[in-house]
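Hello,

Here is the structure for you to look over.

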Amino acid sequence: MPSRKEEQPSLLSTIANTIRKVPRGRVSTYGAIAKAAGYPRNARYVALVLRRVAGLPWQRILGSGGRIALRGEAALEQRFLLEAEGVRFRGRTVDLAIFEHKFPSKTRRAATKRQASC
DNA sequence: AGGGTGACGATCA
DNA sequence: ATGATCGCCACCC
């Protein structure tokens with residue numbers, strides 16, 4: 001029996017799971033993560049999750065436009081880690097057109113799989 | 001219980 | 001292009 005508290009569908013785990021889906025060598029943004037998780041207004045919360053939850057590929061999450069949102073040394077470390085994964089920077093930003101991970105959209109489910117069943 | 005806060009995002013000067 | 005401001009919203013104290 002589920003206990004009296006429902007912590008299962010928590011925002012935190014939902015967003016954390018979404019973050020984990022970003023593959024190595026790819027990046028995503030706070031807004032995109034929030035949206036993919038189903039909470040488009042919670043970009044800020046994504047950042048909180050990254051701080052709170054350990055073991056996430058935190059370096060793959062960037063601000064809008066592919067900017068690094070961190071400051072100081074942490075920003076340098078993030079850039080270093082990303083470049084080590086093969087993500088290349090153009091100036092201070094990552095070219096999202098190339099490196100942004102596309103999340104499967106809920107609304108159009110299995111557009112590609114659909115062909116397989118055909 | 002209430003208000004300040006932020007690894008954001010979009011807009012304006 | 002950079003910097004300031006506002007809106008957002010769950011978290012944290």
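Predicted model: local features only at pLDDT ≥ 70, side-chain atom pairs only at ≥ 80, totals over all residues.

Overall fold

Chain A contains six helices and four strands. Along the sequence the elements come in the order α-β-α-α-β-α-β-β-α-α. Chain A has 118 residues, and 32% of them are buried. Of the contacts in chain A with a separation of 6 or more, 61% are between residues 24 or more positions apart.

DNA strand B

The residues around DNA strand B are Tyr 30, Gly 31, Ala 43, Arg 44, Ala 47, Arg 51, Trp 58, Gly 63, Ser 64, Ala 69 and Leu 70. Of the atoms of DNA strand B that come within 4 Å of the protein, 38% belong to sugar and phosphate. By class, this surface divides into six nonpolar, three polar and two charged residues.

Helix α3 supplies the largest share of the surface near DNA strand B, with four residues. Both α2 (30–37) and α3 give at least two residues to this surface.

Two side chains have a polar atom placed by a base nitrogen of DNA strand B. For Arg 44 the distance is 2.3 Å, and for Tyr 30 it is 2.9 Å. Gly 31 uses its backbone instead: one of its backbone N or O atoms is 3.0 Å from a phosphate oxygen of DNA strand B.

DNA strand C

Around DNA strand C there are Leu 11, Arg 41, Asn 42, Arg 44, Tyr 45, Leu 48, Arg 52 and Arg 92. Here sugar and phosphate make up 71% of the DNA strand C atoms that come within 4 Å of the protein. The surface near DNA strand C consists of three nonpolar, one polar and four charged residues. Helix α3 (residues 43–52) gives the most to this surface, with four residues. Arg 44 is listed around DNA strand C and also around DNA strand B.

- Arg 92, at 2.5 Å
- Arg 52, at 3.3 Å
- Tyr 45, at 3.4 Å, from an N or O atom of the side chain

The second largest pocket

The volume of the second largest pocket is about 180 Å³. Its lining is made up of Tyr 30, Ala 47, Leu 50, Arg 51, Trp 58, Ile 61, Ala 69, Leu 70 and Gln 78. Sorted by class, the lining has seven nonpolar, one polar and one charged residues. Which helix gives the most to the lining of this pocket? It is α3, with three residues. Some of the lining residues, including Tyr 30, Ala 47 and Arg 51, are also among the residues around DNA strand B.

Helix α2

Within α2, the buried residues are Tyr 30, Ala 32, Ile 33, Ala 34 and Ala 37. The elements that the buried residues of α2 pack against are α1, β1, α3 and β2 (61–62). Tyr 30 is thus buried in the protein and is also listed around DNA strand B; burial here is computed on the protein chains only. After α2 comes Gly 38, which has a positive phi, near 100°.

Is Thr 29 buried or exposed? Thr 29 counts as buried because its relative accessible area is 9%, and the cut-off for buried is under 20%. Thr 29 sits in strand β1 (residues 28–29). Leaving out residues up to four places away in sequence, Thr 29 touches Ile 61, Leu 62, Gly 63, Leu 96 and Glu 100.

Arg 24 lies in the loop between α1 (11–20) and β1. Its relative accessibility is 60%, so Arg 24 is exposed, the cut-off for that being over 50%. Again leaving out residues up to four places away in sequence, Arg 24 touches Arg 60, Ala 84 and Glu 85. Arg 24 and Val 94 are 70 residues apart along the chain, and their C-alpha atoms are separated by 14 Å.

Regards

Technical notes:
Residues numbered from 1 in each chain as written. Chains lettered and ligands numbered in written order. Heavy atoms only, no water. Near = heavy atom within 4 Å. Polar contact = N/O pair within 3.5 Å; in protein donor to acceptor, adjacent residues only side chain to side chain. Nonpolar A, V, L, I, M, F, W, Y, C, P; charged D, E, K, R; others polar. 1 Å grid on protein atoms, 1.4 Å probe; cavity = no way out; pocket = protein on both sides within 12 Å on 5 of 7 lines; lining within 4 Å. Points joined across faces, edges and corners; volume = space filled by probe spheres on them. Buried < 20%, exposed > 50% of the residue type's maximum accessible area, 1.4 Å probe, protein only. Contact = heavy atoms within 4.5 Å.
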